[in-house]
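Dear colleague,

Here is the structure I said I would pass on.

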Amino acid sequence: MLGSLRVRLPLVFLAGIVLAGVITTLIAVRLFQDYAHDQALTSLNREAAGIASLYSNAIQASYGNRKGDRQAPTFAADNLEQATGDKIYWIGPEGFPGQNVSGLKHLPAKTIDWQSGKSLSFELKLKHRKYLAVANPIFLGTQAVGAIVVATPKTSVRHRVSLLIQRLAIAGALGLLVAALLAWYLSRRLVRPLLQLSDAADEVAAGNYGVTVPKRAPGELGHLSERFSEMTDRLAEVEAMERNFLMSVSHELRTPLTAIRGHVSALLEGVVAEPELRQASLETVEAEASRLERLVGDILDLAKLDTHRFTVTREEVDMGALLDQAYETYRDEARRRRIDYRRDGRDRPVIISDGDRVLQVVGNLISNAFQATPDGGSVSLELAQRNGSVHVAVQDSGPGIPAENRERLFRPFISESGGGTGLGLAIAKELSAALGGRIELSSEVGRGSRFELVLPT
């Protein structure tokens, strides 16, 4: 259960939120503690300054009075404490005249340095209880004669902090609930396409490529779904190509092997005794063996190209002489199909390339054109040089190639005409790229196709 992405994803999401919430709460509580402490000190300092000012003014007014010097003012201490909500104390020298008349509680003179004439903040401990206190001096002229101390329990500051923590806890619980619902919703949105892809992957692993994948998955999942769908299509195509390859190779191998076996058996059994017939049988065996050799060579070339182990040589190649050779090789095909060879006799381009491989590419293009052209049709071979490139064009009068099939035509084991192994165009494309060139295709359904090999001079 916990190993499922559907469960782990929201748990990780919530764990991140909880961790962020705890860190934020700690920072907020710390900041609020400092703020509450500063606010309490500000309030205490304001109250102590006001009461000390009243006390100083009263002493200043009574000082030198005939009825009695240094008479302390009388305060309603209980009312002051009730109004401020804080404790108010007097601190000063022992035996100060009338100090008890004020009604303020007296603190020992050694509690703080009240003679410094400065406002002081300190922690006061009375009866096992701690207070946050501020002392403000009382002046007679410029001399400090005592101090007023205003104190508030430290528990009041803690109470404010505890209230903040409670409210943050309530807000955090509500936020966590909302986050949990959101995480559950998002996990379903994210995990459902992944589960569908996982099921589809299981189907593909079992050999079933007709699977459905989520079409409208969000973001990267949508991209993954599209690539997965393309992958299944390619796998299905590869499997079909493998079947076609086995069927094509089996057919291509069976025909020459059957012919070779028949002629060899006839020769061994002495059925063919006449010299002319023996010579014809041997020529047939040689032709079929050459056919087998070409098939095996094509498969080997394709394997080398796929593994990038294919090498080319560099030499001067007379393209006019090379096309003359290709034309002579396929002259016998002209008995059933007309072949036209057109080139500018004044222009015999010479390029630096691998002559054997260029001849192989041109031969594959011509062979493909003859396979696509019915009896009575025509094949044309053209040579031209322009814009720093050599162009060798092979055009047939076959049925043409639909636009949707042109790209796949250069894949191995795909034969548009239904004949051969489908390796010729695939090898031609890879070889042309290895030679630094390319093959361009233009075709019109019903009017034939034109394959053009473009090589740099």
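Helices here are DSSP runs of H or I with at least four residues, numbered from the N terminus. The model is a predicted one.

On that basis, Asn368 falls within helix α7, which covers residues 355–372. Asn368 counts as buried because its relative accessibility is 18%, and the cut-off for buried is under 20%. Apart from neighbours within four places in sequence, Asn368 contacts Leu425 and Phe451.

The other asparagine I looked at is Asn387. It sits in the loop that links β9 (378–386) to β10 (389–396). With a relative accessible area of 77%, Asn387 is exposed, since the threshold for that class is over 50%. Its backbone is worth a look: phi of Asn387 is near 55 degrees, a positive value in a residue that is not glycine. Most residues other than glycine have a negative phi.

Now the sheet. Five strands form an open sheet with mixed pairing, in the order β2-β1-β5-β4-β3. Its edge strands, each pairing on one side only, are β2 (105–107) and β3 (120–126). From one strand to the next, the twist averages 40 degrees.

How do β1 and β2 pair, and over how many bridges? Strand β1 (residues 87–91) runs parallel to β2, and the pairing has 3 bridges. Within this part of the sheet, Tyr89 stands opposite Lys105 of β2.

Regards

Note on methods. Residues are numbered from 1 along each chain as its sequence is written. This is a predicted model: local features need pLDDT of at least 70, side-chain atom pairs count only at pLDDT 80 or more; totals for chains, interfaces and linings use all residues. Side-chain values use heavy atoms; hydrogens and water are left out. Helices (H or I, at least four residues) and strands (E, at least two) are DSSP runs, numbered from the N terminus. Buried means under 20% relative accessible area, exposed over 50%, partly exposed in between (1.4 Å probe, protein chains only). Contact means heavy atoms within 4.5 Å. Two strands pair if DSSP finds at least two bridges between them. Axes are lines fitted to C-alpha atoms, for helices over the stretch in contact, and angles run from 0 to 180 degrees between N-to-C directions.
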